Amino acid sequence: MTLFNGVLPFYPQSRHAAGFSVPLLVVIIVFLALAASFLLILPGIRGHSRWFWCVRILLSLFIGAEIVAVHFSGDWFTGQVKTSTSYKAFTSAQVSADIGLYVGLSGVNITCFYLAPSHSRVHQLNETIDYNEKFSWRFGDNYAEEYEKALQKGLPNPVLYLAEKFTPVSPCGLHRQYRLAGHYASATLWVAFCFWLLSNVLLSMPAPLYGGFSLLIAGAFVFFSVFAFATISTVPLCPIRLGSEFLSPSYGASFWTTVATGFLCLLLGGMVVCLHYTHPSALRTFLDLSDDLVVQRKSVMPQIYSNPLNLPEKCKPATPDIQLSIRL
């Protein structure tokens, strides 16, 4: 019994390469839902404060989403090459493939697929060449075991060749450096995320100065994560030759997006601190922290009257407001 297109429902199906990281997709959906819910209530805010709230919330959500999303992205250090290379062991078959290397904080992704002139994946050697393999080095995972399983699966030679460069026993020495750099970068990013949450709380209270300081600290920890991952540049990269071409990786989109987020945190935090000392009224207007609440609290406070005759000598006025004289 078969379904459409000759699919056998009770037998193992052919492998398909992963198209997108599921945790990254969940993070994007969560922050997009928060942004959409805010945009729905935005028309209920009156006056110019509507646009102030819009800019403030969207910038804050962008910073938070970027800090969380880069943990699950795999393009901190990337490289891609198109070449003709051997396909599998014990065979002389050659394939024209597009091979990619994508290093993240928690592991490395290696892609290998055939790109036809019409930019579509087609069959070669009686199979669809479309691989996206991940090898993780986070705590609790064993990179060497994952590499051994890849050998048992019989993955293509380009995938195994690149994965072997990051094994603990490789003479290149990349595994320890990339693993430690990813762990330290991830830890400092989570600290930056905590300070981002704290800044949102403080900026919603009558304490904008401390909210600005929290943003500055968040930006500093974002840069600490960038510097931690940049330490991989101190390791001489082994020459990676695939066929007749060399693969030359470089910093990817996640790395430069994190750098931009760090600058954004420092810029916004510095603006909040400067406005607090130079134009506090403008800062209160932008953050919607007007003095109406303070005035209202003062207006509802009970008024206390005291008899000046019962005051201590040091508290009595020098010249009384009303002088009474009694004539008998």
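How many helices and strands does the protein chain have? The protein chain contains nine helices and nine strands, both taken as DSSP runs numbered from the N terminus (helices: H or I, at least four residues; strands: E, at least two). The structure is a predicted model, in which local features need pLDDT of at least 70 and side-chain atom pairs count only at pLDDT 80 or more, whereas totals for chains, interfaces and linings use all residues. Residues are numbered from 1 along each chain as its sequence is written, and side-chain values use heavy atoms, with hydrogens and water left out.

Of the 328 residues in the protein chain, 38% are buried; buried denotes under 20% relative accessible area, exposed over 50%, and partly exposed in between (1.4 Å probe, protein chains only). The accessible surface of the chain amounts to about 20,400 Å², with 65% belonging to carbon and sulfur atoms; accessible areas come from the Shrake-Rupley method with a 1.4 Å probe, and for residues only the protein chains shown count as cover. Among contacts (heavy atoms within 4.5 Å) with a separation of 6 or more, 66% join residues 24 or more positions apart.

The largest nonpolar core comprises 61 residues, and those with the most contacts inside it are Val103, Val108, Phe166 and Phe229. Helix α5 (residues 174-203) gives the most to this core, with eight residues. Such a core is a set of buried Ala, Val, Leu, Ile, Met, Phe, Trp, Tyr and Cys residues joined through side-chain atoms within 4.5 Å. Beyond four places in sequence, Phe229 touches Trp76, Phe77, Val103, Gly104, Leu105, Ala181, Ala185, Tyr251 and Phe255. A second, separate core of five residues includes Leu203, Leu215, Leu283 and Leu287.

Helix α5 also holds Ser186, which counts as buried because its relative accessible area is 19%. Apart from neighbours within four places in sequence, Ser186 is in contact with His71 and Leu105.

Asn109 is located in strand β3 (residues 107-113). Its side chain makes a polar contact with the side chain of Asn132 at 3.0 Å; a polar contact is a pair of N or O atoms within 3.5 Å, where, within protein, one must be able to donate a hydrogen and the other to accept it, and residues adjacent in sequence count only if both atoms are side-chain atoms. Residues touched by Asn109, not counting those up to four places away in sequence, are Gly100, Leu101, Tyr102, Asn132, Glu133 and Lys134.

Val30 lies in helix α1 (residues 22-41) and counts as partly exposed because its relative accessibility is 43%.
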